[in-house]
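The sequence and the coordinates come first, and the notes follow.

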Amino acid sequence: MNKFIKISISFIIFGLVLIGLATYLNNGHIPRFSSNSEKKNYTVSVNDVKNLDIDIIDSDVTIEENTASKNIEIEYYTALERKVNIEHIGNKLSIKENKNIVGINFNFFTEKRKLIIKIPKSSNIDINSVNKIGDNFIKNLDIKSLMINSKIGDVYLTNTSTSDTEIKLVTGNLKIDNLKSKNSSLKINVATGNIKLNNINDLKDISIDNKTGDTDLSSSIIKNINITNKLGNIKVSNLLSESSDNINLKTTTGNITLSNLTANNSITLKSTTGDIIAEINDDESNFTNSSNKKKQLFTSSETGTVNVKFSNK
């Protein structure tokens, strides 16, 4: 029993020494073992905002339709080690997350941070969102333009209409479902992650650069398609008949698969190391008959096989 008491006292003394050391390194503040975050709200009229800038450190960001009012409503969380500053100057609304640096961080089991922004569906707003660590959810909006820059995290874009969209991801997956881009452009740059796009409509140009990951595009209306993958497969399928003018797909290491589609002008498929499988919904003579050649088809694979089939349905 005496031995047990001695060990217990030793642990207590050791714990007090650690707390004292942590307090000293934490500028005299006793370190907290929980975040004790505080929920806050901010509201501004949508008519007073033309530009929305978001700069987040490590929170999930949700931007969605406000069905309750014509205002922009923001829900956010602050704590001792984290502050969210909101500034409204002129027509620009800025949201910036700051993190206080402490000597020792004891918040091992903190709840995932989140920022929720609700915007009336039809609003002429430019949105620029930068997120270092965290997921982005954008849904049910009709806005002017959208730019997303994410270091680590996934991006989900659903039921949204915008003129121009640009998305950059360092590490994370991108999923877009039901995007109407008002005859403008969609630019995507992903260093590491998969890209899945479905039901992209009224788009003039799409440009995708995916360094490492698969790219899947389906059931869309896009005039000009340019997809480049360094390491990963490319799949394009079920495009509305004669909705695309030019399709240009390139991959260094990976397969290219096309099905149930055609193009009004040209189809180019290139793979350095990978197979090419194309099922083109068109008359073969439109591509191969020299006297009646209306369209161009070019396929190339250095080490893989190329298989092209035509079927006019």
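How do the residues of the lining of the second largest cavity divide into nonpolar, polar and charged? They divide into five nonpolar, one polar and three charged. The model described here is predicted.

## The second largest cavity

The count comes to two cavities of 30 Å³ or more. The second largest cavity has a volume of about 50 Å³. Its lining is made up of Ile-56, Ser-59, Tyr-76, Tyr-77, Val-84, Glu-97, Arg-113, Lys-114 and Leu-115. Two elements give two or more residues each to this lining: strand S4 (71-78) and strand S7 (113-119). The largest share, three residues, comes from S7.

## The nonpolar core

In soluble globular proteins, nonpolar side chains tend to be buried together. The largest nonpolar core in this model has 60 residues. The members that touch the most other members are Ile-72, Ile-117, Ile-176, Leu-197 and Leu-249.

With its neighbours within four places in sequence left aside, Ile-176 is in contact with Leu-157, Ile-167, Leu-186, Ile-188, Lys-196, Leu-197, Asn-198 and Ile-200. One of these, Leu-197, is also among the core members that touch the most others.

## Asn-229 in strand S18

Asn-229 lies in strand S18, which covers residues 222-231. Is Asn-229 buried or exposed? Asn-229 counts as buried because its relative accessibility is 1%, and the cut-off for buried is under 20%.

The side chain of Asn-229 has polar partners. One is the side chain of Thr-215, joined to that of Asn-229 by a polar contact of 3.1 Å. Another is the backbone oxygen of Asn-233, which the side chain of Asn-229 reaches at 3.4 Å. Neighbours within four places in sequence aside, the residues in contact with Asn-229 are Asn-210, Gly-213, Asp-214, Thr-215, Ile-234, Lys-250, Thr-251 and Thr-252.

## Asp-60 in strand S3

Asp-60 is placed in strand S3, residues 59-65. With a relative accessible area of 18%, Asp-60 is buried, because the cut-off is under 20%.

Which backbone atom lies 2.8 Å from a polar atom of the side chain of Asp-60? The backbone nitrogen of Asp-135 does.

Terms used. Residues numbered from 1 in each chain as written. Predicted model: local features only at pLDDT ≥ 70, side-chain atom pairs only at ≥ 80, totals over all residues. Heavy atoms only, no water. Core = buried A, V, L, I, M, F, W, Y, C linked by side-chain atoms within 4.5 Å. Buried < 20%, exposed > 50% of the residue type's maximum accessible area, 1.4 Å probe, protein only. Contact = heavy atoms within 4.5 Å. 1 Å grid on protein atoms, 1.4 Å probe; cavity = no way out; pocket = protein on both sides within 12 Å on 5 of 7 lines; lining within 4 Å. Points joined across faces, edges and corners; volume = space filled by probe spheres on them. Helix = DSSP H or I, 4+ residues; strand = E, 2+ residues; numbered from the N terminus. Nonpolar A, V, L, I, M, F, W, Y, C, P; charged D, E, K, R; others polar. Polar contact = N/O pair within 3.5 Å; in protein donor to acceptor, adjacent residues only side chain to side chain.
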